[in-house]
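Subject: Structure handover

Hello,

Here is the structure you will be taking over. My notes on what turned up in it follow below.

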Amino acid sequence: MKELNHGIKWTLAAVLLAGITAVPAFAEKTTPATNKNSAVPAVPRAIPDLIPYHKFDPPKSKLFDINKLTISGDLRVRPEFRNNGTFGIGAKNNTFMVQQWARLGFNYSISPDVTFFFQAQHSKNWGVALNGDAGQPNRVGTDANATSGTLFARQAFMLVRNFLVPNLTIKAGRQLVVWGNHRMFGHFDWNNVGWTHDGLTANYKLSKTANLQVGWLRTQEGDCRFVTAGNCIGPSQTAGNVAATSDADVIYVRAPMKVAGMVLEPTYIWHSSGTGTPGGTNARPSDQSRHTLGGRAVKKAAVGSARLDATIEGYYQFGEIADRTGGCAGRCLDIQAYAFHIDGGLTLPVPMQPRLSLEYNTASGEQAGDDEFGGFDQLYPTNHIHFGYMDRMSWKNMNHYAIGLQMRPNKNSHFEVTGHFFSLKEGDDNLYHAGQSALGFVSANGASSTEIGEEIDVVYTHFFTPGNHVAWQIGGSVFLPGARMDQAAGAGRSASEQTWGYTQLWVNF
């Protein structure tokens, strides 16, 4: 043992001696960012402190160049009414409100490959108290991202091109995710808040006509619970070190490309959410692990002097989900769900360029009494543009047919009229509105028919300036209820027509 101790002692002495003689060599190493000695004190924010934190005066940067800064903005004001919002089932529910949002974006190009972007948004209904005023809640419309104030960050991200390798672009932070025709991911700008996501996305340019896109979005965070750690802000913070089980994530891979004059968008999505109220009546079901496979294909072609366009989009979903009825424990149900869309349009070579269109949509619903879950999860779409402007249906438990006419009365205007026909896929499941939550009153009094009704939409848009930076729009719709609504109204009663209309003025720069 004595010999072992001596060996350890002399070994340590040799290491120390070698370290002392090597110090000058290590001291010569420099950081690429500062070209200074790397043996510097730890930086509180864990990166080279090129722009020191200010102790009193605001920070100033020698790198700032006003010519690299661009500012963008949006302002929209929209009065809107709805009569017989519940089709006369229960309360009459007539509403009138004025919605407004304003956005201001700041884009700064630090270099050709590095961009900083921040967009603030103020969103509010006229006449509604601000958050905390007189104890009133802050009502800004359907709050798509659980924001808790009238003023918040809609986007805040850094974008880095040619990240580590050529043609790879990454975006990190709060950002929009918009795909194709917005059926799975859209900005939902009809809403007074809109969708936005926290996460990391990347796009790798494979060729001039093909890209590979991947992304991770954190849609719900359940680990911000230990107050004394000081890492969390906002209402998710609670006292104590509590094990969290409510994280929710979306991971996707897609490869948009052009092949033989056709746009193809093969897609895979994995969506996992933690414990909560499971099952079908939520906008996005909780307590599930869901895989989605599918994609979108678009083709446009000339037919003589006319133009033909067609789109097909569909997805199949599988995985596991908790039983909302409590019939079994854990994620005990197999997910078996699907959705399919097809549309076509013919634009005629005559004045006003009329386009005649046909469309069909279907999506599976939950069928009671079996050991599978059939409800389709549509994630974060812009449904307002797809299944009727009255927003009475989403891509869940539905069949939908539409026929439309779109035209340009002149170069500064657009007109459209569309007829919609709605029914449910499964009569014992719910009708889900554009926000994807269930319209419970449609299932009152044991209503079981699948016939929902018909809707007619008429919209006119006028553009005032070159580039369409100022526009005015007016629209109106009527919904004629079907047998399901009459059943929900109760014996001896009939559901009432629902009417809806709006006008909006929009400016952007």
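Predicted model: local features only at pLDDT ≥ 70, side-chain atom pairs only at ≥ 80, totals over all residues.

Rings of Phe, Tyr and Trp (for Trp, the six-membered ring) count as an aromatic pair if their centres lie within 6.5 Å. By that criterion the structure holds 19 aromatic pairs. One of them joins Tyr 316 and Phe 318, with 6.1 Å from centre to centre and 25° between the planes. That pair counts as stacked, because planes under 30 degrees apart are put in that class. Tyr 316 is partly exposed, at a relative accessible area of 38%, and Phe 318 is likewise partly exposed, at 31%.

The average pLDDT is 85, and 78% of the residues score at least 70. Residues 226-230 have a pLDDT below 50, and this stretch has six contacts in the model beyond near neighbours in sequence. Residues 236-243 also fall below 50, with 16 contacts counted in the same way.

Back to the aromatic residues. One cluster is made up of Trp 179, Phe 185, Phe 188, Trp 195, Tyr 252 and Tyr 380. Trp 179 also has a charge over its ring: the charged end of Arg 254 sits 4.5 Å from the ring centre. An arginine is likewise placed over Trp 190, where Arg 78 lies over the face at 3.7 Å from the ring centre.

Ser 413 belongs to strand S17, which covers residues 413-423. Its relative accessible area is 0%, so Ser 413 counts as buried. The side chain of Ser 413 makes a polar contact of 3.1 Å with the side chain of Asn 410. Apart from residues up to four places away in sequence, Ser 413 touches Arg 408 and the residues Tyr 460, Thr 461, His 462 and Phe 463.

Ser 357 is in strand S14, residues 355-363. With a relative accessible area of 13%, Ser 357 is buried, because the cut-off for that class is under 20%. Leaving out neighbours within four places in sequence, its contacts are Gly 344, Gly 345, Ala 402, Ile 403, Gly 404 and Gln 406. With Gln 406 there is also a polar contact between side chains, at 3.3 Å. Thr 347 is 10 residues away from Ser 357 along the chain, and the two C-alpha atoms are separated by 8.8 Å.

Regards

Terms used: Residues numbered from 1 in each chain as written. Heavy atoms only, no water. pLDDT = per-residue confidence, 0-100. Contact = heavy atoms within 4.5 Å. Helix = DSSP H or I, 4+ residues; strand = E, 2+ residues; numbered from the N terminus. Buried < 20%, exposed > 50% of the residue type's maximum accessible area, 1.4 Å probe, protein only. Polar contact = N/O pair within 3.5 Å; in protein donor to acceptor, adjacent residues only side chain to side chain. Phe/Tyr/Trp six-rings, centres within 6.5 Å; stacked < 30°, edge-to-face > 60°. Lys NZ or Arg CZ within 6 Å of the ring centre and 35° of its normal.
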